[in-house]
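Here's a walk through one model, from the middle of the sheet out to the loops. Keep the viewer open and follow along.

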Amino acid sequence: MFPLRLAGLRFAPDGRTVLAGLDLELSGEGISVVLGPNGAGKTLLLRLLAGLLPAHGGSIFWGNSARPDGRLAMVFQQPMLLRLSVLTNVEFALRPQALSPAERKTRTMEVLERVGLAHRVRDCARLLSGGERQRLALARAWAMRPRLLLLDEPTASLDPTATDAVERIIREIRTEGAKVLMTTHNLGQATRLADDIIFLAEGRVQEHEPAQRFFAHPQSPAARAFMQGELPWRIAFDH
Ligand SMILES: Nc1ncnc2c1ncn2[C@@H]1O[C@H](COP(=O)(O)OP(=O)(O)OP(=O)(O)O)[C@@H](O)[C@H]1O
Ligand SMILES: [Mg+2]
């Protein structure tokens with residue numbers, strides 16, 4: 001399924017070009033963070049990779065194949081949870097996998113333990129706070145043991161403690177061997193988590209660099225402008 005390659009990926013609804021021809025190659029390791037201004041197409045890119053909608057042109061290659069041969073999970077910015085218990089929300093996601101009910105239960109409890117929700121298993125998922133919902137959504141994705149995990153702004157609207165917890169979980173998932181591709185508007189978070197940065201603007205990948213190099217010397221004028229625009233915000237959040 002890796003390297004994952006995008007070649008000339010286009011998305012132009014009603015003749016309005018959003019993605020003008022996206023080229024990108026991703027290895028199967030580490031955390032790749034997609035940065036870019038509002039409307040750049042970050043969420044769209046994740047949705048195209050998840051197969052949730054078709055592109056209007058170009059290709060996606062998963063290794064040598066047109067389809068991923070490993071599991072893929074996506075966590076949305078506003079996770080969709082079933083109006084059922086915390087436990088059932090995770091168990092339900094495991095139904096397509098060939099697991100016995102006992103195995104399903106064990107795996108569910110294990111991930112809920114790891115995200116700190118083991119004591120809430122019987123509670124209705126809809127009653128959880130924003131941070132708890134995000135942790136449940138991550139647990140649900142983690143339980144599926146994905147080879148590729150797509151995360152869309154996983155900590156938007158979370159407080160610093162909840163953000164820390166979610167970042168810790170993302171690192172653990174990466175350590176266990178999943179490739180993570182995520183978006184964020186939190187540049188502090190990008191510096192903490194990213195192995196590499198994909199900077200998206202004007203319908204194209206403007207830069208794809210190791211994170212340290214990107215933050216030290218953004219090459220493209222668009223990335224420099226973006227970083228300058230975001231800078232006061234970054235300082236406000238980091239200190
Ligand atoms: N299914 C769709 N049909 C038509 N247009 C879409 C669709 N999905 C996204 N778009 C458009 O594509 C553009 C990029 O949207 P996207 O949500 O990917 O931006 P983003 O980079 O995630 O922005 P933000 O930082 O605000 O989350 C927007 O103009 C949006 O209206
Ligand atoms: Mg988005």
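Which residue is the bridge partner of L72 in β6? In β6, L72 is partnered by L148. A bit of housekeeping before going further: residues are numbered from 1 along each chain as its sequence is written, and chains are lettered from A and ligands numbered from 1 in the order in which they are written. This is a predicted model, where local features need pLDDT of at least 70, side-chain atom pairs count only at pLDDT 80 or more, and totals for chains, interfaces and linings use all residues.

**Strands**

Two strands pair if DSSP finds at least two bridges between them. With that in hand, here are the pairings to look at:

| Strand | Partner | Sense | Bridges |
|---|---|---|---|
| β5 (residues 72-75) | β6 | parallel | four |
| β6 | β7 (residues 179-183) | parallel | five |
| β3 | β7 | parallel | four |
| β3 | β8 (residues 196-201) | parallel | four |

Take β6 (residues 148-152) to start with. Five of its five residues are buried, so the strand is largely enclosed by the rest of the structure. Buried means that 20 or more other C-beta atoms lie within 10 Å of the residue's own, exposed means 12 or fewer, and partly exposed is in between, with C-beta atoms placed from the backbone. In a regular strand the side chains alternate between the two faces of the sheet. Here L148, L150 and D152 point one way from β6, while L149 and L151 point the other way, and all are buried. On the β7 side, L149 has V180 as its bridge partner.

Now β3 (residues 31-35), which is mostly covered, with five of its five residues buried. I31, V33 and L35 point one way, S32 and V34 the other.

**The core**

In soluble globular proteins, nonpolar side chains tend to be buried together. A nonpolar core is counted as a set of buried Ala, Val, Leu, Ile, Met, Phe, Trp, Tyr and Cys residues joined through C-beta atoms within 7 Å. The largest one in this model has 64 residues, and those with the most contacts inside it are V33, L138, A139, L149 and V180. Helix α4 (residues 130-143) gives the most to this core, with seven residues. If you zoom in on A139, you'll find that it touches V90, V111, L112, V115 and L117, not counting residues up to four places away in sequence; contact means C-beta atoms, placed from the backbone, within 7 Å.

**Around the ligand**

Which residues are around ligand 1? They are P13, V18, G36, N38, G39, A40, G41, K42, T43, L44 and L53, where near means a C-beta atom, placed from the backbone, within 6 Å. By class, that shell has five nonpolar, five polar and one charged residues. Nonpolar covers Ala, Val, Leu, Ile, Met, Phe, Trp, Tyr, Cys and Pro, charged covers Asp, Glu, Lys and Arg, and the others, Gly among them, count as polar.

Helix α1 (residues 42-49) has six of its eight residues buried, so it is largely enclosed by the rest of the structure. The buried residues are K42, L44, L45, L46, L48 and L49. Just after α1, G51 takes a positive phi of about 75°.

F2 and P3 are joined by a cis peptide bond, with omega about 0°, and P3 lies in the segment before β1 (4-11). D14, in the loop between β1 and β2 (19-26), has a positive phi of about 50° although it is not a glycine. D14 counts as exposed, with 4 C-beta neighbours inside 10 Å. R145, in the loop between α4 and β6, has a positive phi near 50°; R145 is partly exposed, with 18 other C-beta atoms within 10 Å.

Finally, R224 sits in helix α8 (residues 221-238) and is exposed, with 12 other C-beta atoms within 10 Å.

Notes:
Helices (H or I, at least four residues) and strands (E, at least two) are DSSP runs, numbered from the N terminus. Two residues are in contact if their C-beta atoms, placed from the backbone, lie within 7 Å.
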